[in-house]
Amino acid sequence: MSIQNTTVIQNIRLDDNASQLIIVDQTLLPQKLVYLALSTREEFYTAIKTLQVRGAPAIGIFAGYAMYLLAKGQCAKSYDEFKKRFLLDAACLNSSRPTAVNLSWALKRMEKVVQMHDNINDAILALRAEAIAIHDEDIDMCTRISKYGLSLLKDGDTILTHCNAGPLATSRYGTAIGPILLGHEKGLQFHVYADETRPLLQGARLTSYELAKAGIDVTLICDNMASLVMKQGKINAVFVGCDRIAANGDFANKIGTSAVAILARYYGIPFYTLGPSSTIDFNTASGDDIEIELRNEDEIKSMWYKEPMALDEVKCYNPSFDVTDHSLLTAIITEKGIVYPPFDINLKKLFL
């Protein structure tokens, strides 16, 4: 079910009756702002898998509310049956996208709530409270991240970003875009170069949309133009989001991020990733241990074209993410502070 709306963007929320989950269909932006009303496990799975909802923190928020609604909709006769169905639903959603750790993180939080109760009604009430807590915590974390990130910028700076890590992908300000939006509120003037971010064009469709709507000076460029604008001295800093940060500081983000990091290092430009603590996975030792999602080849060959841009027999390799080595990072910006190298030591000092 879809609901047309062209006013306020609230990317994830429960409806007034707490019976459906309302999200912005990000696949239709920027030309159409459409809100979807979802209520079934199949709809929730599809929304994550097809990127109707995307962005690591947003997926975590979405998963919390989805699990609450699935639990509320059960007709289980016993708590054991209730718990069994809940775990099956969680496993289904967890299989939708493997790379972003926020999905499994949020599902584990919801599972822990179920494990702590033995009464269905009590569990459902607690699940709703936990889902709201996940959302509220992300708003707070994004605000704190934005403040720390803003401390690294000065009025008039030009920032390059890759993919989308604004309010649509998170909550409130976002992560990588958050310092820019917060600074704009305070009267600072920034310019942003947004990589289009092939093949799904999150930078073109979403980041430039968010920034333009906020009144921020934004220039959209193709991914292969980043090197030139850096060489021309137009970039003061690179801010990107992250989908999973390993214990040593390696991090997974949208495909193409590692190339931007290499370019930034070559041209001597500070390179930062911004993400909440829910994105840090201390159980993952390094980027080599991060599973990279592979997506359909049609996203490269035909998704945005009237006719395919390659012959049917041409194979495509379409990884959704790559891993940026921690050696290329200037710092990791979190809600608890700015983490500098050595990351394997300083991340643990701050979070463990």
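Seven strands make up an open sheet, ordered E7-E6-E5-E8-E11-E14-E15 with mixed pairing; strands here are DSSP runs of E with at least two residues, helices are runs of H or I with at least four, both numbered from the N terminus, and two strands pair if DSSP finds at least two bridges between them. At the edges sit strand E7 (217–221) and strand E15 (337–339), each pairing on one side only. From one strand to the next, the twist averages 25° (axes are lines fitted to C-alpha atoms, for helices over the stretch in contact, with angles from 0 to 180 degrees between N-to-C directions). This is a predicted model, so to speak of local features takes a pLDDT of at least 70, and side-chain atom pairs count only at pLDDT 80 or more, while totals for chains, interfaces and linings use all residues. Residues are numbered from 1 along each chain as its sequence is written, and side-chain values use heavy atoms, with hydrogens and water left out.

Within the sheet, strand E8 (residues 237–240) and strand E11 (residues 271–274) run parallel and are joined by 3 bridges. Phe239 stands opposite Tyr272 of E11. Helix H5 packs on the sheet, where it touches E8, E11, strand E14 (331–334) and E15; contact means heavy atoms within 4.5 Å. The direction of H5 makes about 140° with that of E14. Helix H9 (residues 257–267) lies across strand E5 (158–161), strand E6 (191–195), E8 and E11, and runs at about 145° to E11.

Next, the empty space. Rolling a probe the size of a water molecule over the atoms shows where such space is left. On a 1 Å grid over the protein atoms alone, a cavity is a set of points where a 1.4 Å probe fits but cannot get out, and a pocket is an open set with protein on both sides within 12 Å along at least five of seven lines; lining residues have an atom within 4 Å of a point. Points are joined across faces, edges and corners, and a volume is the space filled by probe spheres set on them.

By class, the lining of the largest cavity has 11 nonpolar, 10 polar and 4 charged residues (Ala, Val, Leu, Ile, Met, Phe, Trp, Tyr, Cys and Pro count as nonpolar, Asp, Glu, Lys and Arg as charged, and the others, Gly among them, as polar). The second largest cavity comes to about 50 Å³; Pro57, Trp105 and Asp138 are among its lining residues. H2, helix H4 (101–115) and helix H5 (120–150) each supply at least two residues there.

H4 provides the largest share of its lining, 5 residues, and the lining divides into 3 nonpolar, 4 polar and 4 charged residues.
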